[in-house]
Amino acid sequence: MSAAPLVTEGLGRPIKGPSALGSDFRRFRQLTWTLAVTDFRLRFFGSVLGYLWQFMRPLMLFGVLYVVFSQIFDLSGGVRFYPVALLLGIVLYGFFAEATSGSVRSLVDRENLVRKIEFPILAVPLATVLTALFNLGLNLITVLVFLLAAGGRPHWSWLELVPLIAVLATFATGVAMVLSSLFVRYRDIEPIWDVVLQILFYVSPIIYMLQTVTDKGGIGATRAILCSPFAAILQQARHAFIDPSHISVTDAMGNDLLLLVPLAIVVVVFVMGFVVFDRAAPRIAENL
Amino acid sequence: MSAPPVPAIVVDSVSKTFEVPRERVHTLKERALHPFRRVVTDTMLALDDVSAAIEPGEFFGVVGRNGSGKSTLLKCLAGIYGVDSGRIYVNGQMSSFIELGVGFNMDLAAYDNVVLNATMLGLSPREARRRFDRIIEFAELEDFVELKIKNYSSGMLVRLAFSVMIQVDAEILLIDEVLAVGDAAFQQKCFDEFARIRESGTTVILVTHDMSAVRRFCNRALLLEKGRVVEVGDPEQIGERYLELNFSAEARAVETRLREATDGAAISALPRHEDPDRHGDGGASILEGWLEDEHGKRVTVIGTGQPLMIAMRVVFGETVVDPLFTLTIEDDEHRIFMDAGNHHFPGAGRFEVGQEAVVRLSFAAVMAPGRYYVTPGAARPGSGLDALDRRDRLISFVVTATAHTSGMVVLPFDIAVTRSTENLIT
């Protein structure tokens with residue numbers, strides 16, 4: 001046995017053990033990308049109908065909701081393009097749900113990556129979010145087709161969609177980091193999160209329009225709802241992408257400063273998510 | 001004077017413990033219901049102050065029994081586990097192969113899987129794509145490129161995975177028992193490849209049970225036991241120690257069992273007619289039996305070919321003239337390996353009541369490695385069937401060897417190969 005060397009300089013690269021980002025950021029990027037693309041391709045090209053299903057899933061939900069809530073109950077709130085607004089809501093919610101609930105099990109499902117090779121652990125949940133983002137891109141094409149068919153016309157404000165989706169993805173990533181690292185220790189996160197997502201679906205103005213909330217519950221209810229980052233992003237996306245008759249978030253809240261609330265929530269969730277994940281990362285491999 | 005080369009890997013007093021919760025809180029619900037309940041955890045020391053320096057270009061073996069910490073050490077080196085204390089330094093591009101085919105997806109064809117796996121192992125995706133042809137060629141899977149790998153046989157999968165592994169050119173490779181792969185022909189190819197890696201100056205750390213692989217490839221090896229370094233040295237020496245450790249643990253267990261059954265107080269407590277392993281009318285009692293090596297030290301493990309002495313001590317309960325003593329050695333499968341006695345030797349003389357005799361049988365332990373049992377017996381003169389005492393399988397011992405043999409004995413031999421000058425095609 002060689003004696004423990006006292007001089008530690010010049011002995012090479014210290015091995016620091018597993019971490020969220022790993023020691024090489026390029027590798028982190030490449031692995032996240034590779035994982036996400038592989039997952040996406042598997043779902044997309046995995047079966048002959050895979051391509052079709054990817055479009056059909058939100059459309060089928062849309063079909064049912066549309067029939068029920070515009071033909072039977074009228075929830076359109078007098079806005080233009082209610083069906084497209086509904087579809088956009090479903091698609092954005094679908095992204096958020098897919099990214100977060102998919103990430104819950106992600107570390108456990110990719111156990112052999114985490115336990116068998118040196119791996120930047122954060123790449124795993126991040127890839128899940130990225131895959132969901134690819135799907136969102138596809139689904140937005142469907143929304144676009146519907147919008148154009150309904151009579152919507154291209155507009156510069158469409159570009160606003162890019163930062164909006166970026167913020168939503170940031171939010172989803174924050175949640176994904178919390179959920180995936182907690183799931184390693186608490187296996188009941190999965191059903192709990194399913195319930196939370198269900199609640200989110202109904203408290204967000206997806207089926208009903210924000211206009212209806214303002215009409216029935218006044219400015220207080222509107223503000224309360226828009227404190228949810230998801231609701232605020234969705235509403236702004238409708239305003240920018242579908243039609244200006246969907247009231248913008250700042251107008252709806254009636255106070256520019258209030259806009260900071262959903263933004264702050266996104267930032268806090270993301271930072272907290274990273275801290276939680278980063279602290280859990282060194283021991284995830286052995287606790288799985 | 002040039003500075004000594006910087007080691008490829010320095011392991012500086014590394015310790016690693018695992019926390020094993022006694023009752024695992026698996027759900028958030030439990031946690032919420034009992035927020036203040038302390039989670040009792042046991043700590044398990046997997047690595048205890050392990051230090052080593054591995055020189056560049058070395059083929060370094062890490063051996064140890066199950067649970068000795070060798071895989072944990074490898075995972076710490078690879079950066080999969082964090083260490084509790086101590087430091088690890090690595091000099092050069094490192095890649096680890098703890099499992100073949102990490103990241104393989106059964107629903108994808110060979111191409112995607114090669115790229116996936118190679119990316120996981122440290123190649124850039126572009127580099128992985130560039131080497132695809134070479135990988136497939138080495139794996140001899142050119143005809144199956146389009147096939148989803150879920151339709152591959154397990155041998156084909158392993159070949160593909162191994163081929164990716166050797167294409168990842170790292171300066172330092174960490175390998176965990178992945179040598180025994182594929183059919184004989186492919187195995188030969190793998191071995192050749194290992195030899196090539198060895199020649200090319202790549203530093204390799206190999207964790208394995210397989211001592212023949214260690215002897216075949218390694219320059220040096222490290223033996224771990226219970227998380228501590230037992231010895232670092234040349235493969236022969238480590239191989240010897242490993243087998244000793246391995247078998248002596250087994251031998252110890254057997255011995256304890258035997259002692260519990262027949263030793264000391266147990267003998268007097270158990271009337272001899274109730275001891276199923278005891279035969280004879282009690283005219284004499286075999287008190288003990290043991291093994292000695294050439295230095296007269298009592299042992300339970302002996303190396304093949306070493307001088308060996310098996311002994312028993314007998315006390316007489318009646319007067320016997322010229323008693324016969326036998327020592328029967330059998331192997332694990334009850335095959336009698338040797339049956340020795342003093343039948344054809346000069347008479348032992350007269351033993352009075354209470355007198356003791358010690359019988360010593362000396363020979364070279366030429367038997368193949370394995371566990372052996374000795375049944376000592378004492379009988380009245382004559383046919384030897386009139387037993388005074390016989391104790392079935394009283395002694396057990398283990399013969400170790402560094403080289404494997406499929407024969408039953410290992411005898412000293414000489415083998416000559418000469419070139420025949422006749423029959424040459426001219």
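Predicted model: local features only at pLDDT ≥ 70, side-chain atom pairs only at ≥ 80, totals over all residues.
**Chains A and B: fold and interface**

Chain B has ten helices and 21 strands.

Biologist: How much of chain B counts as buried?

Modeller: Chain B is 426 residues long, and 36% of them count as buried.

Biologist: What share of the contacts in chain B comes from residues 24 or more positions apart?

Modeller: Such pairs make up 72% of the contacts in chain B, taking those with a separation of 6 or more.

Biologist: Which domains are assigned in chain B?

Modeller: The assignment gives domain 1, covering 9-243, and domain 2, covering 263-400.

Biologist: What separates the centres of those two domains?

Modeller: Taken over C-alpha atoms, the centres of domain 1 and domain 2 of chain B are 48 Å apart.

Biologist: Turning to the six-stranded sheet in chain B, what is its strand order?

Modeller: The order is β5-β6-β7-β3-β8-β9 in chain B. The sheet is open, and its pairing is mixed.

Biologist: Which strands form its edges?

Modeller: Those are β5 (94-97) and β9 (228-233) of chain B, each of which pairs on one side only.

Biologist: And how are neighbouring strands turned against each other?

Modeller: On average, neighbouring strands of this sheet are turned by 15 degrees, with direction ignored.

Biologist: In which sense does β8(B) pair with β9(B), parallel or antiparallel?

Modeller: β8(B), residues 220-225, pairs with β9(B) in the antiparallel sense, over five bridges. Within that pairing, Leu222(B) has Val232(B) of β9(B) as its bridge partner.

Biologist: Let us move to the interface. How many residues of each chain are in contact?

Modeller: On chain A there are 33 residues in contact with 41 residues of chain B.

Biologist: Which elements of chain A give two or more residues to that side?

Modeller: They are β1 (13-14), α1 (25-45), α5 (111-116), α8 (189-203) and α12 (260-287) of chain A. The most comes from α1(A), which gives five residues.

Biologist: You listed β1(A). Which strand of chain B does β1(A) pair with?

Modeller: β1(A) pairs with β4(B), residues 85-90, in the antiparallel sense over two bridges.

Biologist: Which residue of β4(B) is the bridge partner of Arg13(A)?

Modeller: The bridge partner of Arg13(A) is Val90(B).

Note on methods: Residues numbered from 1 in each chain as written. Chains lettered and ligands numbered in written order. Contact = placed C-beta atoms within 7 Å. Helix = DSSP H or I, 4+ residues; strand = E, 2+ residues; numbered from the N terminus. Pairing = 2+ DSSP bridges. Domains from an automatic or database assignment. Buried ≥ 20, exposed ≤ 12 C-beta atoms within 10 Å, placed from the backbone. Axes fitted to C-alpha atoms, helices over the stretch in contact; angles between N-to-C directions.
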